[in-house]
Amino acid sequence: MAAERAKAEPSTQIWNDPNAVPYIRIENVTKKFGDFVAVNNVSANIYRGELFALLGGSGCGKTTLLRMLAGFEQPTSGKIYIDGVDMADIPPYERPTNMMFQSYALFPHMTVEQNVAFGLKQDRMPVDQIKSRVDAILDMVQMRQFAHRKPHQLSGGQRQRVALARSLVKEPKLLLLDEPLGALDKKLREATQFEIMNIQDRLGITFIVVTHDQEEAMTLSTRIGVMNSGQIVQVGTPKEIYEYPNTKFVADFIGSVNLFEGHIIEDEPGHVLIDSAEAGTPIYIDHGISSAPGAKVWVAIRPEKMELSKANEGIGRNCAPGIVKGIAYMGNMSVYLIKLDSGKEVKVTMSNQRRAAEHAIDWDDKVYVSWHANSPVALLS
Amino acid sequence: MTNRLSWFIIAMLVLGFAFLYGPILVLITYSFNANKLMTLWGGFSPRWYPVLLQDAAVLTAAKNSFIVAAVSATFATVLGTMAGYVLARYRKFHGRVAFSGMVTAPLVMPEVITGLSLLLLFKAMGQFFGWPERMGFSTVILAHITFCMSYVTVVMQSRFSVFDMSLEEAALDLGAKPLKTFMVITLPIVAPAVVSGWLLAFTISLDDLVITLYTNGPGSGTLPQLIFSKVRRGVDPTINALATLIIAVVATGVITSHILMTRSEKRRQRDIQAALQTNK
C-alpha cells in the first residue's frame, strides 16, 4: 500500500528534494536517565505531511523520543524544532502537538463527547464551535452515535477511535501516535491502519508513529526510522528499508533474512564477488559496494528471493546444494527449511502458484538453492 | 475439595463472628435493660433513650464531637491528599525519606506520647506567642488534624501510586495547565478515595480519646470524653443507649457506602459486558 501511494504521487517524496525545509528537526538529541542512555545522539528531519514511523524493539528509545517531542521529557542535550520553533522551553500544554496514547488515556469520568471537546475547551473556543468540530470529528471516526457513552462502555476498537478523534480535533501541527494499533485484534488492526492513512491524507497533518510492529510500519508510513539501542540506524521508505537494509540489524529486524558471512574477493564498480564458506558457493552481486578486498562482509538474501530446484542450473556461483529439512505449508506460500552442505540452515519461501503436488519437492530431497545476482545485499556491519 | 462447608469452617466462622460482635451485641441488648443496675437484667425497655436525648450534656458533647471530627477530617483530607500526591509522584527530592517517615509517624506513635507532646507544644506556644490562650476547639482540632492526616496520606498515596499517569499527560497534551489538570482530571478520578479518606479521618477523630484528653479544654468536651468521665463516676445505662446510637450511625454509614460502591461496580461490569457484546 505504501508503495502504491509512492507510485501514484511520485512528487510526495519530499525528502529527496534538497531545497525542502524540514517541518520537524531533531538535532543531536540525547536523553539520559541516570547512567542509562535512552536516546543517543539522534538526528532526523521530518517533512510536512509525512507519516513517519519510528520502528524498534522494546527499550530502543522510540517512546522516549516521542515523549520528548510531546514535551513530557526534556532532552539531556540537543534540540527539537517544530515548524522552525525551538521546543526547549515550551511545556506540553503549549506545544502544537497532540498525542494518541498507547493506553488511549481516555478520561474515565467524561463521555466520548466531553473527552473529544476537552482540548478545544482549553483553547476557550465558543461552545457552538466546539459542538460542530466535535460532531464533525466523531462523524469521521464513526463514533457519533456513541457520543454520550463513557469510555468503559466502549469496546477496544471504539476507544481507539475516540482516542484518535481526541488527538485530531485540535488539528495539531504534529500528531504523535504511540503504538496506535497495539491493543487491537488482527482484523481491526488492518481496518484501522487504512483508516489512519485515509485521515492523514485528508487532513494533511504530519504524523509520527511509534511501533514495534514492522508490518504496521511498512503499511502505514511514508518513511521509517529504524531504532536500535537509542539510535536511529536507518531512515528510508519501507521499500528502501526492506530491499536495501544498511546493517545486519535492520536486515534481520525487518522481515526475515538469510545471512551468510564471507570475504570480498573482487570489488568492482559493476559487481562484487564474495567467498562464503557458510553459503558453500561464491556469491556474485551485480552492484559494487566499494570496500577493500579481503574485508569481512555479511550477505543478506530474503527467503522469497531464493529459488529451489532439483537440478543444478548454477554456473558455479549463486547456487548452493542442500537437503530439505522441513516444509511449512501456509496456503498462499510454503516455507522450506534447507540445510546446506556447509551445515548452514536457510529459509526459502515459494509461492504456491500451482497445486502442491506439481512442486514435487519433498522432505529429505536433495535440492539446489539459487538466487539472482541483484537479490543479495552485502553488509559491512 | 468438597462443595459442602465442613463443620470446622462453620465453627471457625461462628467463633470469629462471636469474638468480634459478641461484646457489641451484649452492649446493645443491655441498652434496652429496664433495670437501673447495668449488670442485672430487668426486662425489656427503651426507657434510656428518651432520657439520653433530654440530657443537655450528652447533646452538647455529641455536637462538639461532630464539629471537631468534621473540621479536622476536612483539613486532614486536604493536607493528606497533598502529601500522598507528593509521595506517590516525586520519587526523588531532598528529605523524601524523612518526610515519608514523619508524615506517617503518628500511625505508630503511642497516643499518650503524641498527646503529651502536643500539650507541651501548645503550652509553650501560648507562653511565647500568646496563642493558644487556652485549650479548646482550636487545639483539639489541630491535634486531630495531625494524626488524621497520616491515615489520609496512606490512603491517598496508595491511590495515586496506581493512578494512570498518561491521563494527566493527555490533559496536559490537550492544553490544560498543571493545576487545571489536577482539578478537572486527577481529583474527580480519585474522588472516591478522597471520600473514603475523609470518612476514615472522620471516624478516627470521632472516637479518639487519649489525644483529646490532653489537648481539649472546658466547653468543648467530646463524646468519648463524656463517656469516659461518666464511666469513671459509675456506669449508667444511658451510656449503653448512647453507644448503641453511635454504632447505629457508624453502621448506617458503612453499609450505605458499601451498597453505593457495589452498585456502581456492578453497573460498570454490566456496561463492560454490554460493550463487549456489541463489539462481537
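The following legends describe close-up views of a predicted model. Residues are numbered from 1 along each chain as its sequence is written, and chains are lettered from A in the order in which they are written. Local features need pLDDT of at least 70, side-chain atom pairs count only at pLDDT 80 or more, totals for chains, interfaces and linings use all residues, and side-chain values use heavy atoms, with hydrogens and water left out.

**View 1. The largest pocket and its lining residues.** The volume of the largest pocket is about 1,100 Å³. A pocket is an open set of points on a 1 Å grid over the protein atoms alone, where a 1.4 Å probe fits, with protein on both sides within 12 Å along at least five of seven lines; lining residues have an atom within 4 Å of a point. Points are joined across faces, edges and corners, and the volume is the space filled by probe spheres set on them. Of the 30 lining residues, A:Pro108, B:Arg159, B:Ile189, B:Pro192 and B:Arg268 lie nearest the centre. Helix 8 (178-206) and helix 11 (237-279) of chain B each contribute at least two residues to this lining, and helix 11 of chain B gives the most, with eight. Helices (H or I, at least four residues) and strands (E, at least two) are DSSP runs, numbered from the N terminus.

View 2. A:Thr97 is buried, with a relative accessible area of 1%; buried means under 20%, exposed over 50% and partly exposed in between (1.4 Å probe, protein chains only). Beyond its neighbours within four places in sequence, A:Thr97 is in contact with A:Leu69, A:Ala70, A:Ile82, A:Pro172, A:Leu174, A:Leu176 and B:Asp173, where contact means heavy atoms within 4.5 Å.

**View 3. Helix 10 of chain B and the residue B:Gly234.** In this helix (residues 223-232), B:Leu223, B:Pro224, B:Gln225, B:Leu226 and B:Lys230 are buried. Just after the helix, B:Gly234 adopts a positive phi of about 125 degrees.

**View 4. A:His152 in a loop of chain A.** A:His152 is located between helix 4 (127-140) and helix 5 (156-168). With a relative accessibility of 23%, A:His152 is partly exposed. A separation of 45 Å lies between the C-alpha atoms of A:His152 and A:Lys347, which are 195 residues apart along the chain.

**View 5. Two buried cysteines, A:Cys319 and B:Cys148.** The relative accessible area is 13% for A:Cys319 and 0% for B:Cys148. The structure holds zero disulfides over all chains, a disulfide being a pair of cysteine sulfur atoms within 2.5 Å.
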